[in-house]
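Q: Could you go through this model with me? I'd like to start with the core and then turn to the overall fold.

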Amino acid sequence: MADTRVEREVVDGVARDESGEWQPAKRPAPAPIFAWPPRPVEALKWMFGFPGYLWPWNAIYMLIAIGTWLYLQPALERCAEFRVDWIAEMYVRNIAMLSVIVGAWHVYFYRFKAQGTRYKYTSKWLATSNRKFLWGNQLRDNIFWSCVSGGTIWTAYEVVSMWAFANEIIPYVDWRTEPIYFVALLCGIQFWRLFHFYWAHRLTHWKPLYKSAHYLHHKNINIGPWSGLAMHPIEHLLYFSCILIHWVVPSHPIHMLMNAQHAAFTPAQGHVGFDKIEVGGSDRMPAASFFHQLHHRYFECNYGENDFPFDYWFGTFHDGSPESHASMRAKRKAVHQI
Ligand SMILES: [Zn+2]
Ligand SMILES: [Zn+2]
């Protein structure tokens, strides 16, 4: 008799399940920097080790922000008055950078399929004929919302902030006079981003906001790089409001750019759908966020990001294990019975 068993792909010692899902062997856990009692050695390793908080990805995003300020930003004196020329320069720059960065993730993993489905959380590819997406095409739908709504609202926040810096309406920090503060804020800005993201995201799961705005992002159950910033304009307004912190906290425009670009570029990586990038035979380079992948799979969990501990503190944490799933279902049942 013929063997009818389906051969399932095994990656990192974990086999794909019958519905094509795969998950990394290592479960998500909060960053050791938040551990109590403190674990200083692990915290330092997490902060400066590879892969860790700074290396490689946050360092890359910092370099992009510094490069943008040095080479791609209209001079601050020009920004003192709202004029079409410098605003258009910033808009074109942002759309071009978004297209190159998100496009690179897409082309590598989804057009060239450079890794096949190795380290891919699902075995499915993007939808090409599904009426819930604009033009029935998930990729085109996602690009439309990311560029037309996302690119515009992101740029608007940056433009108004640059205008406010130029007119000395908001507090400005010179890196030459306060270098330690400058570096500390540059390294710490992502903590604020993740803190803001948790609360803004939880807010969009409030029924009226979910139904009017956040549903659009969640049309993407199977996600790709362009799904990250595919949001309704109301959600973009909320999501990019993290930039407003620079209206209160003394900053250099590089900090503002870092914050804004982190919000604009990291969702592509977070939604890439592949856990790791294989580089030269090594699989140490992290890619997507399995933590957020679980949010797209189960909805009412993992509102923040893995490193920041709010989901652990407020009981919305899901680590992908059957126990985690059972406890989430039990909690939901208890709420419905009240
Ligand atoms: Zn998402
Ligand atoms: Zn959500």
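Q: Which residues of the largest nonpolar core touch the most other members?
A: This is a predicted model, in which local features need pLDDT of at least 70 and side-chain atom pairs count only at pLDDT 80 or more, while totals for chains, interfaces and linings use all residues. Residues are numbered from 1 along each chain as its sequence is written, and chains are lettered from A and ligands numbered from 1 in the order in which they are written. Of the 47 residues in that core, Phe240, Met258, Ala260, Ala264, Val272 and Phe274 touch the most other members. A nonpolar core here is a set of buried Ala, Val, Leu, Ile, Met, Phe, Trp, Tyr and Cys residues joined through C-beta atoms within 7 Å, and buried means that 20 or more other C-beta atoms lie within 10 Å of a residue's own, with C-beta atoms placed from the backbone.

Q: And which helix gives the largest share of this core?
A: That is H8, with 9 residues; helices are DSSP runs of H or I with at least four residues, and strands are E runs of at least two, numbered from the N terminus.

Q: What does Ala264 touch?
A: Leaving out residues up to four places away in sequence, Ala264 touches Leu98, Trp154 and Leu229.

Q: OK, overall fold: how many helices and strands are in the protein chain?
A: The protein chain has 11 helices and 4 strands.

Q: How much of the chain is buried?
A: Buried residues account for 36% of the 338 residues in the protein chain.

Q: And what box do the C-alpha atoms fill?
A: Along the principal axes, the box is roughly 80 × 55 × 55 Å.

Terms used: A residue is buried if 20 or more other C-beta atoms lie within 10 Å of its own, exposed if 12 or fewer, and partly exposed in between; C-beta atoms are placed from the backbone. Two residues are in contact if their C-beta atoms, placed from the backbone, lie within 7 Å.
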